[in-house]
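Reader: I am new to protein structures. Could you walk me through this one?

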Amino acid sequence: MSVALEPTRSFQGLILTLHRFWAEQGCVVLQPYDMEVGAGTFHPATTLRSLGPKPWKAAYVQPSRRPKDGRYGENPNRLQHYYQYQVILKPSPPDLQDLYLRSLAAIGIDTRLHDVRFVEDDWESPTLGAWGLGWECWCDGMEVSQFTYFQQVAGFECSPVSGELTYGLERLAMYVQGVENVYDLNFNGLEGAEKVTYGDVFLQAEQEYSRHNFEHANTQMLFQHFKDAEAECRSLLEKGDRGESAAHAMALPAYDQCIKASHMFNLLDARGVISVTERQSYILRVRELAKACGAAFLRTEAGGFVAA
Amino acid sequence: MPDLLLELFCEEIPARMQRRAAEDLRKLVTDALVERGCVYEGAQAFATPRRLALHVVGLPARQPDLREEKKGPRVGAPEAALQGFLKSAGLTDISQAQVQADPKKGEFYVAIVEKPGRSTPEVIADIMPGIIRGFPWPKSMRWGAASANPGALRWVRPLQSILCTFGHEMETPEVVQFEIDGLRSGDVTRGHRFLAPDLIIVRRFDDYVAALERAKVVLDADRRKQMILTDARNLAFARGLELVEDEALLEEVAGLVEWPVTLVGSFDESFLAIPPEVVRATIRANQKCFVLREPAAGALTNRFVLVANIEASDGGEKIVGGNQRVVRARLSDARHFWETDQRPLPDFESASDKPLDQRLAKLRALGIVFHEKLGTQGERIDRIVALARELAPLVGADPDLAARAAELAKADLVTEMVGEFPEVQGLMGRRYAELQGEDRSVAAAVEEHYKPQGPTDRVPTDPVSVAVALADKLDTLVGFWAIDEKPTGSKDPFALRRAALGVIRIVLENGIRLNLSNAFASAYRSHRTTNPLLASQLDVAAASAGQSVAATINAVAGAVYQSDLLSFFHDRLKNYLRDQGARHDLIDAVLADAASDREPPGSPLRAGEPGGSRSRAANDDLLAIVRRVEALGRFLDTEDGRNLLAGAKRAANILRIEEKKDGRAYADAVDPALLAQPEEQALATALDAAEGRARAAVAAEDFEGAMAALAVLRPAVDAFFDKVTVNADEAALRANRLRLLSRLREATRTVADFSAIQG
């Protein structure tokens with residue numbers, strides 16, 4: 001491996017190291033889902049695949065959009081678009097904590113030099129109807145990962161339980177590279193004229209999207225898109241339903257519409273046009289979609305459905 | 001006597017659950033042992049982030065033998081009955097049972113079931129799976145492949161191993177063998193996750209604790225706390241500084257480490273421009289670190305103490321560096337919030353030129369719901385403003401300042417800072433109010449109106465703070481009473497007990513005369529104006545009763561709050577005074593005096609009595625109640641007081657008995673013509689004078705005076721009981737003497753119900 005691709009040297013080196021590590025543990029290494037999502041958990045490889053009895057191991061990077069977290073590129077730690085590294089293992093292996101700690105070692109965190117801690121953090125996604133128990137993983141006081149044993153997803157008990165690891169890649173990279181500002185991260189590991197920083201890649205995007213998210217996104221249109229996605233999700237679920245004895249035919253396309261509705265809600269929320277009371281009802285509407293999609297997925301082959 | 005050692009080793013247990021879990025484990029295991037006849041000498045439980053441990057000493061080697069007689073059917077009973085008996089008694093043939101004779105029933109079978117006691121390890125092996133499966137974790141989970149099975153084991157986090165040994169001190173203990181969901185008990189554990197991860201073979205408690213220490217695990221949470229505290233104080237002292245102690249944080253941090261290593265970090269001094277409470281909250285909430293200040297509770301400094309879980313090979317340099325970076329980033333965020341909150345708020349700049357007023361405008365515009373049935377925060381603010389203005393003159397505050405303070409009191413809820421750190425609400429409002437040039441009392445009230453938060457919290461004293469604090473709490477209490485959301489049992493989700501205690505403490509500690517019933521009615525009127533639901537209910541009620549809405553409000557307020565909310569306040573007051581060391585019976589005596597309205601209506605002995613509402617005014621007034629309790633206490637400390645109490649109780653006892661016997665009350669007037677003996681006449685004369693004076697004094701709220709007036713009665717009462725026979729043979733004389741005693745009882749009731757006083 002070239003020096004530039006060492007995990008402590010470059011952002012992409014960090015990602016490649018994690019890919020290699022989890023690939024060696026038998027994970028399928030997937031690419032990001034091609035839709036806007038708020039977290040790696042929304043990727044169907046986690047949400048839907050954590051349902052049903054079939055074993056599943058996957059690892060992937062997921063660009064995550066949190067419109068409200070935009071800071072016009074002025075905050076050294078907060079971004080409206082960032083990367084999560086997501087690992088899902090079903091069922092959760094007995095040595096999951098050890099695997100996680102070995103992955104930290106692989107990216108250069110020596111646990112005899114750094115203070116790694118598992119601090120209670122119960123995870124819940126109201127929009128996905130999901131919850132689990134686990135921890136925030138701390139390295140020298142910084143939260144670098146989330147570690148969750150899924151108990152329920154889309155309103156269904158996980159059977160068996162999956163273990164989910166989510167690494168905050170920028171934070172982790174800032175830590176191992178020793179930089180204070182996310183935009184100073186070395187992206188490609190090269191120096192001098194060849195060096196590309198995180199700022200070179202994303203600063204302009206952060207500025208532009210902050211304007212979009214907070215000031216200019218067309219709220220009328222977003223409200224309409226939300227409604228359309230909701231309706232389309234319901235419609236696809238209905239059209240794909242061929243009766244109790246047959247597999248559901250369109251769980252995945254329906255779930256895409258659920259993701260879309262969720263993102264529309266996040267954008268509307270960032271624009272500040274959703275009141276506190278309405279907020280709850282929007283979350284509930286997305287959750288209802290997620291539950292319906294989960295139910296449909298459980299009636300597909302990947303969800304463990306066996307046609308009668 | 002043998003000892004039991006048990007360890008349940010798992011993935012990291014949330015810090016807040018550890019202490020309780022250790023205690024639960026101790027109780028569950030020892031209770032189950034005792035229930036099975038295995039009494040013990042002592043038991044101690046421990047918790048670290050990764051283990052619960054239990055040491056039970058002085059157990060018997062075996063359960064005691066049990067001999068049980070089982071009664072069976074009579075001799076010659078049907079075959080089915082005999083078979084059932086054999087089965088339940090564990091016999092194979094009826095010849096194994098004994099025959100006993102009973103004089104009534106005749107002969108019947110008895111089975112003597114002798115149950116030899118099992119060995120204690122067998123008993124332990126028997127009880128443990130049930131205890132583990134049913135362990136009362138606040139939240140538990142499933143994990144791994146087994147989680148797909150119904151009835152899969154649940155634990156707080158995945159349970160990894162179980163250590164369970166039993167034996168005498170001098171012998172090699174045995175492993176208590178049991179299995180739960182594929183996990184077998186054994187005699188091994190592990191040390192510190194990073195510093196000593198190897199397996200450790202354990203015999204008993206002594207070597208267990210010692211081996212854990214060698215493997216960098218301090219088993220006892222209290223010892224970990226002490227280590228952290230001592231080290232933190234020393235590190236501070238060495239720098240000429242002082243640790244800002246924080247028990248809750250210490251408890252939490254001790255639950256996050258097995259091997260505490262205390263280190264000091266620092267941050268850039270420029271962050272000290274942020275309010276110190278925010279710096280502390282940031283460092284505490286996000287980093288679980290302690291802050292340091294100048295000696296003698298001086299100013300906050302730029303140093304903090306962190307507690308690591310490892311002894312790092314570089315002396316902790318990297319750990320400190322990492323923590324400093326995070327603290328810096330968090331403080332940068334806090335500074336950003338602090339500065340943003342002082343700047344104009346986009347979209348609300350036209351509402352006002354003052355930043356906090358712009359936030360208030362946003363709070364109103366957002367329509368944030370306070371409670372589904374009690375409207376929005378904006379409406380709540382309007383009510384508190386109105387009530388604070390009304391209460392202001394009563395507490396010596398300027399009404400305009402009180403109203404302004406009430407208006408701004410909740411505005412900081414929409415600031416960035418409070419959004420991030422809810423625990424600095426109020427404080428931030430005060431800071432921002434000061435920065436925009438509000439009156440000092442107004443700014444202080446924005447913070448202090450939340451006070452007191454509990455029995456030991458400081459009570460506000462500035463009149464403006466007092467007005468807003470009372471208005472806020474009364475609005476909450478009356479509101480939740482109006483929608484029937486009262487505290488029940490241990491449930492008090494809206495902290496209404498705390499609110500009532502707050503009102504009580506503010507009133508008493510500031511010596512405020514406040515008529516609670518009037519205050520309830522005012523708060524209720526405000527709720528009506530901002531709550532359409534309540535208003536429409538009232539309109540309907542008014543229409544059906546054929547009276548004005550105003551009259552209905554007063555009627556409802558009177559009916560609901562007089563009795564219910566007021567007695568809630570009385571209960572809280574009793575608790576409060578009891579905690580202050582006041583005599584419980586004196587409080588009851590003073591409150592019971594005016595509580596004739598709590599008696600069932602038409603109660604035959606009370607119905608004809610005058611003055612049911614006599615002292616009600618005083619019962620609305622917390623300060624008056626307390627002054628009466630104090631005056632009564634002092635009175636009863638005098639000889640006159642004690643003797644009068646004895647006389648009054650004697651009178652009350654006689655009356656109670658005789659009135660019951662006769663089935664009538666003797667509340668009618670004394671007939672002067674029937675006062676036969678001079679002692680009777682003297683008592684009647686004394687009562688005439690004393691009762692009038694006592695009533696006048698009570699009306700003037702001169703409780704000492706009322707007591708003094710009653711004290712005069714003592715010689716007459718003593719003489720009466722000395723010389724006069726109440727139960728005279730002549731019926732007319734007896735009745736008149738009972739009337740006289742009734743008058744005595746009435747006279748003492750002007751200050752208290754003496755029958756409620758003990759001794």
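Author: Gladly! Helices (H or I, at least four residues) and strands (E, at least two) are DSSP runs, numbered from the N terminus. This is a predicted model, in which local features need pLDDT of at least 70, side-chain atom pairs count only at pLDDT 80 or more, and totals for chains, interfaces and linings use all residues. Residues are numbered from 1 along each chain as its sequence is written, while chains are lettered from A and ligands numbered from 1 in the order in which they are written.

Reader: How many helices and strands are there in chain A?

Author: Counting such runs is enough here. Chain A has 8 helices and 9 strands.

Reader: What is the radius of gyration of chain A?

Author: That radius is taken over C-alpha atoms, and the globule rule is 2.2 Å times the number of residues to the power 0.38. For 308 residues the rule gives 19 Å, and the value for chain A is close to that, so chain A is as compact as a globular protein of that length. The radius of gyration of chain A is 20 Å.

Reader: How many residues of chain B are in contact with chain A?

Author: Two residues are in contact if their C-beta atoms, placed from the backbone, lie within 7 Å. On chain A, 32 residues take part. On chain B, the number is 34.

Reader: Which element gives the most to the side of chain B that touches chain A?

Author: Two elements of chain B give two or more residues to that side: β16 (300–308) and α8 (317–340). The one that gives the most, with 7 residues, is α8(B).
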